[in-house]
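Hi everyone, thanks for letting me have a few minutes.

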Amino acid sequence: MILADKIIDLRKKCGWSQEELAEKLGVSRQAVSKWESAQSIPDLERVIAMSQLFSVSTDYLLKEEMEASVPQTMSAEEVMVTGLRRVSMEEASEFLRVKQETSPKIALGAAVCCLAPIPLLLFCALTAKNIMDQTMAVTLGLVILILAVTFAVVNFITCGMKTGAYEYLEKEPIETAYGVSGMVREQIKARREMYIRNNVVGVVMCILSVLPLICIALLGGDEAWVIAAVCLLLAIVAAAVYLFISVGIPQASFEKLLEEGDYTRARKAMNHSAFVPTYWCVVTAAFLGYSFITNDWERSWIIWPVAGVLFGGLYLFMVNRKQA
């Protein structure tokens with residue numbers, strides 16, 4: 001048990017809150033919170049004061065901390081550990097900051113990929129109603145689609161450049177400096193409610209996204225109504241994708257630092273961080289390739305609702321694998 005855990009354990013046994021302990025020690029509640037999350041270490045004066053408050057020896061409080069610095073005979077496995085890349089508190093904090101900064105941008109890029117075919121589909125619906133010329137509809141729709149995908153790809157590349165220095169966290173075994181693990185777990189706890197809420201809402205949205213299409217099909221709506229329902233499906237899926245990714249990337253960054261989930265030392269070779277952009281780029285390529293080869297623009301739109309439904313299932317499968 002490290003010092004941080006001992007402070008928590010002893011404080012709870014005394015029935016004190018962080019505020020009460022802070023008052024007795026003459027420090028702020030934030031200071032106690034940082035001690036308990038292993039983000040900082042109390043000075044010797046505070047350690048002595050705590051030993052008197054809790055009626056324990058300073059040796060008890062510091063023993064394991066001191067033993068960690070005592071050279072001992074190491075086993076073969078422990079010798080290998082000394083060759084691990086060490087992640088400092090500053091580096092871990094900067095990594096999490098960059099990930100939290102770029103996650104909304106990546107989520108937006110993926111959502112834009114989902115939304116990209118909507119103008120083309122709507123223009124096709126106008127063509128079916130003889131409101132718009134087919135050539136103009138296809139040309140304008142493709143221009144908007146390509147611009148949207150370009151925006152998304154540029155977004156992915158710029159965000160990737162910002163996080164490129166931390167690629168080793170996905171591929172190499174690491175060891176973290178004292179306090180990093182506690183800091184990461186505190187952030188996981190703080191974001192837990194948002195993570196659960198976004199995933200639940202996203203799953204529900206993916207499931208419900210097919211309802212408009214089903215209703216139109218059962219009511220016998222014409223082609224224009226079917227296309228409108230497909231556009232609504234894509235918009236709902238885009239919103240769900242944004243929710244998934246905006247919390248999924250920070251969660252993955254926590255797992256990288258803790259070497260948990262898909263980032264254990266045994267599974268670091270299996271990296272799926274590029275799944276979302278790759279998936280939608282492949283779908284877009286399939287849509288354009290099939291449509292140009294067959295010139296069947298009136299029916300090729302079906303690729304998008306199918307891809308949207310498959311995406312929800314595949315994404316959930318990968319999330320579940322990370323939680324396993």
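I'll go through some salt bridges and then a nonpolar patch.

A quick word on the ground rules: this is a predicted model, where local features need pLDDT of at least 70, side-chain atom pairs count only at pLDDT 80 or more, and totals for chains, interfaces and linings use all residues. Residues are numbered from 1 along each chain as its sequence is written, and side-chain values use heavy atoms, with hydrogens and water left out.

So, how many salt bridges does the structure hold? There are nine, where a salt bridge is a side-chain nitrogen of Lys or Arg within 4 Å of a carboxyl oxygen of Asp or Glu.

Let's start with Asp9 and Lys13, whose side chains meet at 3.3 Å, N to O. Both sit in helix 1, residues 3-14, and because they are four residues apart there, about one helical turn separates them. Helices here are DSSP runs of H or I with at least four residues, numbered from the N terminus. Lys13 is exposed at 65% relative accessible area, while Asp9 is partly exposed at 27%. For those words, buried means under 20% relative accessible area, exposed means over 50%, and partly exposed is in between, with a 1.4 Å probe and protein chains only.

Next up, Arg29 and Glu19 make a salt bridge at 3.8 Å, N to O. Arg29 is in helix 3 (29-36) and Glu19 in helix 2 (18-25), so this pair ties together parts 10 residues apart in sequence.

What about Glu101 and Lys162? Their side chains also meet in a salt bridge, at 3.3 Å, N to O. Here helix 7 (89-115) holds Glu101 and helix 9 (134-163) holds Lys162, so the pair ties together parts that are 61 residues apart in sequence. Glu94 and Arg97 join these two in a network of salt bridges.

Now for the patch. Eight names to find on the surface: Ile196, Val200, Val204, Ile207, Leu208, Leu211, Ile214 and Leu218 form a nonpolar patch with about 740 Å² of accessible area together. Patch residues have over 30% relative accessible area and no salt bridge, with nonpolar side chains (Val, Leu, Ile, Met, Phe, Trp, Tyr) joined within 5 Å and like charges within 9 Å. Accessible areas come from the Shrake-Rupley method with a 1.4 Å probe; for residues, only the protein chains shown count as cover.

Which helix gives the largest share? That's helix 11, with five residues. Ile214 lies in helix 12, and at 40% relative accessibility Ile214 counts as partly exposed.

Note on methods: Helix = DSSP H or I, 4+ residues; strand = E, 2+ residues; numbered from the N terminus.
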